[in-house]
Amino acid sequence: MPSPGFDVVIVGAGAAGLMCALTAGYVGRRVLVLDHANKPGKKILMSGGGRCNFTNLATGPANFFSGNPHFCISALKRYRPEHFVELVERHGVDYVEKAPGQLFCAHSAKELLDVLLTECEWAGVELRLKTAVERIEPVGEAMRLVTSTGRIEAGAVVIATGGLSIPTMGATGFGYDIARQFGLEVTETRPALVPFTLTSQWKARVADLAGVACDVAVSAVRAGQRLGPGRERRYREPMLFTHRGLSGPGMLQISSYWQPGDELEIDLLPNISVGEALAAARHDTPRRQLSTWLGECLPRRLAQALTEWHGEDPILAELSNARLEAWHERLGHWRLKPAGTEGWRTAEVTLGGVDTASISSKDFSVEGLPQLRFIGEVLDVTGELGGYNFQWAWASGVACGNAL
Ligand code: FDA
């Protein structure tokens, strides 16, 4: 058999693929990265509003969804956020901590992509763009790839083709097809970190609120049972009204728990106990209008809308205990059933993916077929919002690259 042209071919020049490539290059492997897109790292460039939230200092297994919650532990432990920060600092890229633990490029995500591409160049990695992979087949202990630009033989193939979100950026289900071809399971996939759409009734109600944001606490409710992270079972982050529905970090986060038919429970005033605060205001300032009080706690347009939706704006003295309790429920436990989500068009990530049951958490190889590996978002490992998904891409890329 002819000796393979490359030790390893990586399919997908995204975050995980590039990180794996430079790591394997530095340990002396001849590496080729293929991508069907015309540019590498498109999602890196568009992430974090163009400034890429490239890691989260508090990354841990609890920040990930997976059918096997233990799978991510090994790689995350071996390549930690500080390791990536060290790389970024070595290249003189300025960064800022926008929210606790969330690191963003201070200027542009392009600087971060340049770090990866420069490192790939230094590590001797070859990058071929506009190359579609049509087929992958084992040839003895090596692999053959049939591509739009010819056949390539390699000792190993790493699938780093990401998830299904934003098809216009080059996302495909290719990685899942390859997994199935080699007998691996693919768990159900659905869009996550995605805005909600509303029924026409609610859409009309919130139409004038587009652009209004407020801090909320949100959980999902399925058949009377609350769903959400940790003991509190809710995310406490901002919500944004849009022309189509509800977005903002709080909504994106809870979308990873939400399933069609679930309700959202939104606390519009998570910093106070609404009932107690309203009762105190009724006692201290009985002549004040309800909308005035609401306008001091919430954005004015939202305060106004709330009194319109519920058809009452009494002075506080006129609020009976029963009506006060009703406002406590409306503001602290606003139940809303979304029509759906905006789907793959705007989702940041894919929940589900290649089942990790037959993948090694040490080197990401397929059980019984060590020349095939899967890394990054194509796997059934999905992070919360806040830099965790890139940290997974880096960590899985490094763990795999070191073992090639
Ligand atoms: P990625 O999707 O990055 O790369 C896959 C590559 O494979 C692409 O280059 C694609 O063209 C290529 N490919 C696909 N099919 C192919 C085929 N058949 N043949 C050849 N090539 C193929 N995360 C985070 O931590 N912080 C953030 O700030 C953000 N922000 C953000 C914003 C938006 C708008 C999105 C859509 C996503 C984010 N994310 C994020 C998520 C993050 O971008 C994502 O988890 C990582 O990019 C996943 O890295 P991968 O390398 O696994 O896939």
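Visitor: Where does C52 lie?
Guide: This is a predicted model, in which local features need pLDDT of at least 70, side-chain atom pairs count only at pLDDT 80 or more, and totals for chains, interfaces and linings use all residues. Residues are numbered from 1 along each chain as its sequence is written. Helices (H or I, at least four residues) and strands (E, at least two) are DSSP runs, numbered from the N terminus. C52 has a positive phi of about 45 degrees although it is not a glycine, and its place is the loop between α2 and β3 (53-56).

Visitor: Is C52 buried or exposed?
Guide: A residue is buried if 20 or more other C-beta atoms, placed from the backbone, lie within 10 Å of its own, exposed if 12 or fewer, and partly exposed in between. C52 has 26 other C-beta atoms within 10 Å, so C52 is buried.

Visitor: Which loop holds F364?
Guide: F364 also is a residue other than glycine with a positive phi, near 70 degrees. F364 counts as buried because 28 C-beta neighbours lie inside 10 Å. Its loop is the one between β20 (349-351) and β21 (365-366).
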